[in-house]
Amino acid sequence: MQQNTSAANGGLFERVFKLREHGTDVRTELIAGATTFLTMVYIIFVNPQILSAAGMDTQAVFVVTCLIAAIGSIGMGLVANLPIALAPAMGLNAFFAFVVVGGQHLTWQVGMGAIFWGAIGFFLLTVLRVRYWLIASIPFALRAGIGAGIGLMIALMGLHNAGIVVASPATMVTVGKLTSLPCVLGTLGFFIIAILASRGIHAAVLIAILVTTVLGYLFGDVTFHGVASLPPSIANVFGQLAIKDSFSLGMGAVIFSFMLVSLFDSSGTLIGVAGKAGLADEHGRFPRMKQALLVDSTASVLGAFMGTSAISTYIESSAGVSVGGRTGLTAVAVGVLFLLAIFFSPLAAMVPAYAAAGALIFVGVLMTAELKRINWDDMTESVPAFITAVMMPFCFSITEGIAGGFIAYCVMKAGTGRWREIRLPVLVVAVLFLIKFIMDGSH
Ligand SMILES: Nc1ncnc2[nH]cnc12
């Protein structure tokens with residue numbers, strides 16, 4: 001009987017996801033889905049925390065984060081049949097909360113409006129096929145530099161959330177009080193993740209968040225609100241964005257930044273994960289790329305409307321791919337698990353910033369790994385990659401990193417007589433950023 005059911009499931013899943021053609025089966029795909037889910041579930045704890053710094057309601061953002069991750073991942077699985085999950089992007093959420101809303105003293109509703117317009121631009125670039133052109137034109141050094149820079153910036157946020165790195169008027173940054181509870185538990189969380197992950201335990205991040213939160217509770221620093229509950233209302237974030245107020249010339253640079261960063265963040269991840277699954281060619285193109293690009297850009301528009309910062313395909317999907325996930329069934333499994341997670345909102349409210357800090361630092365480790373594939377002996381490759389990667393944490397801005405990298409690439413190639421290697425889209429983006437800097441500097 002059980003065999004009949006699994007054969008029937010295999011039949012349905014086989015028809016929808018073409019498992020045999022991809023050399024996989026239902027069991028492998030479901031394990032891969034659970035694996036990817038466990039490596040990225042930290043986002044449902046971390047995202048509400050980061051967005052709450054912009055004044056958003058933690059509980060509502062928790063539900064919206066689960067919902068959009070579920071919708072995006074299930075969409076990717078069904079429409080593009082790829083083992084790639086989606087969720088609100090780390091880096092972009094911090095950019096929204098700390099740089100756009102915090103740094104420019106805007107309301108979160110206006111900031112979210114800018115994300116919405118950035119997502120619309122991202123969607124238009126996708127349907128107009130500009131994204132294909134761009135993806136195929138971005139040199140590897142810049143793609144790697146972007147991933148690494150985002151990773152370093154995330155790590156800086158983690159180190160700051162744990163109180164390990166603090167501001168200093170004399171030296172800009174300095175070391176915090178390392179014996180404080182946040183520092184000790186943040187550090188412990190990071191090493192739990194690093195050790196478990198290097199031992200191949202894909203639930204590493206979740207385990208570390210649980211252990212550090214429980215320890216925080218035992219030391220009297222965390223209040224227990226219960227485990228499961230009916231989902232809290234999302235009314236105070238859903239559809240609350242200021243679409244009209246954010247569509248102004250003054251917001252142009254912010255909208256452009258959101259669009260550009262979404263574009264590079266999600267495109268780079270798609271190429272990277274599809275490559276790891278053995279689906280991509282040497283130019284980074286992969287089957288059903290059109291569908292995948294449509295799903296991530298549509299999810300970004302939907303996410304901003306629902307009340308969370310830009311959505312991206314998740315680099316953590318490579319964990320599921322590494323245990324055999326090859327089709328959309330993996331992504332659908334991730335999505336279903338995110339739907340179930342909605343009922344555990346009291347847990348989200350309990351997790352202190354330092355408990356998630358280890359996850360942020362560890363994502364930094366994962367995302368800087370791409371640097372190893374850069375030809376470091378060729379300065380026309382290493383200099384732009386380096387500039388991209390270090391400008392992001394040092395300026396606390398993904399956009400400045402991308403801008404610096406594109407400009408450095410054109411300068412280095414032209415300066416060494418290799419200007420023919422500069423592709424038109426790279427030159428266009430570099431010139432657009434130069435114009436932006438000149439405009440920014442003139443007022
Ligand atoms: N910005 C991002 N891009 C890709 N994968 C991520 N995982 C977490 N944040 C991410």
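Start with the cysteines. Cys66 has 0% relative accessibility, so Cys66 counts as buried. Cys183 is also buried, with a relative accessible area of 1%. The structure holds 0 disulfides. The model is a predicted one.

## Helix packing

Two packed helices are described by the angle between their axes and the distance between the axes.

| Helix pair | Axis angle | Axis distance |
|---|---|---|
| α2 (residues 26–40) and α14 (residues 328–341) | roughly 50° | within 7 Å |
| α7 (residues 130–137) and α11 (residues 252–276) | roughly 65° | within 11 Å |
| α6 (residues 108–127) and α12 | about 160° | 8 Å |

Take α2 and α14. Their axes cross at roughly 50°, and the two helices are therefore oblique to each other. The crossing of α2 past α14 is right-handed. On the α2 side, the contact is made by Val26, Glu29, Leu30, Ala32, Gly33, Ala34, Thr36, Phe37 and Met40. On the α14 side, the residues are Leu329, Thr330, Ala333, Val334, Leu337, Phe338 and Ala341. By class, the contact of α2 with α14 has 12 nonpolar, 3 polar and 1 charged residues.

Next come α7 and α11. Their axes cross at roughly 65°, and α7 and α11 are therefore roughly perpendicular to each other. Here too the handedness is defined: α7 passes α11 in a right-handed crossing. Helix α7 contributes Arg131, Leu134 and Ile135 to the contact. Helix α11 contributes Leu263, Phe264, Ser266, Ser267, Leu270 and Ile271. The contact of α7 with α11 divides into 6 nonpolar, 2 polar and 1 charged residues.

The crossing of α6 and α12 is left-handed. From α6, the contact takes in Met112, Ile115, Phe116, Ala119, Ile120, Phe122, Phe123, Thr126 and Val127. From α12, the residues are Leu293, Leu294, Asp296, Ser297, Thr298, Ser300, Val301 and Ala304. The residues of the contact of α6 with α12 divide into 12 nonpolar, 4 polar and 1 charged.

## Residues within the helices

Leu294 lies in helix α12 (residues 289–306). Its relative accessibility is 30%, so Leu294 counts as partly exposed. Leaving out residues up to four places away in sequence, Leu294 touches Phe123, Thr126 and Val127.

Ser137 lies in helix α7. Ser137 is buried, at a relative accessible area of 7%. Which residues does Ser137 contact, leaving aside neighbours within four places in sequence? They are Arg423, Pro425 and Val426. Ser137 and Pro425 are 288 residues apart in sequence and 6.6 Å apart in space, C-alpha to C-alpha.

## Loops, a strand and positive phi

Two residues other than glycine have positive phi values: Lys18, at about 50°, and Met172, near 70°. Where do they sit in the fold, and are they buried or exposed? Lys18 lies in the loop between α1 (2–17) and α2. At 39% relative accessibility, Lys18 counts as partly exposed. Met172 is placed in strand β3. Its relative accessibility is 68%, so Met172 counts as exposed.

Pro169 belongs to the loop between β2 (165–168) and β3 (172–175). Pro169 is exposed, with a relative accessible area of 91%. Pro169 and Ser322 are 153 residues apart in sequence. In space, their C-alpha atoms are 45 Å apart.

Definitions and conventions: Residues numbered from 1 in each chain as written. Predicted model: local features only at pLDDT ≥ 70, side-chain atom pairs only at ≥ 80, totals over all residues. Heavy atoms only, no water. Axes fitted to C-alpha atoms, helices over the stretch in contact; angles between N-to-C directions. Helix = DSSP H or I, 4+ residues; strand = E, 2+ residues; numbered from the N terminus. Parallel < 35°, antiparallel > 145°, perpendicular 65-115°, else oblique. Left-handed = near helix turned anticlockwise from the far one by under 90°. Contact = heavy atoms within 4.5 Å. Nonpolar A, V, L, I, M, F, W, Y, C, P; charged D, E, K, R; others polar. Disulfide = S-S within 2.5 Å. Buried < 20%, exposed > 50% of the residue type's maximum accessible area, 1.4 Å probe, protein only.
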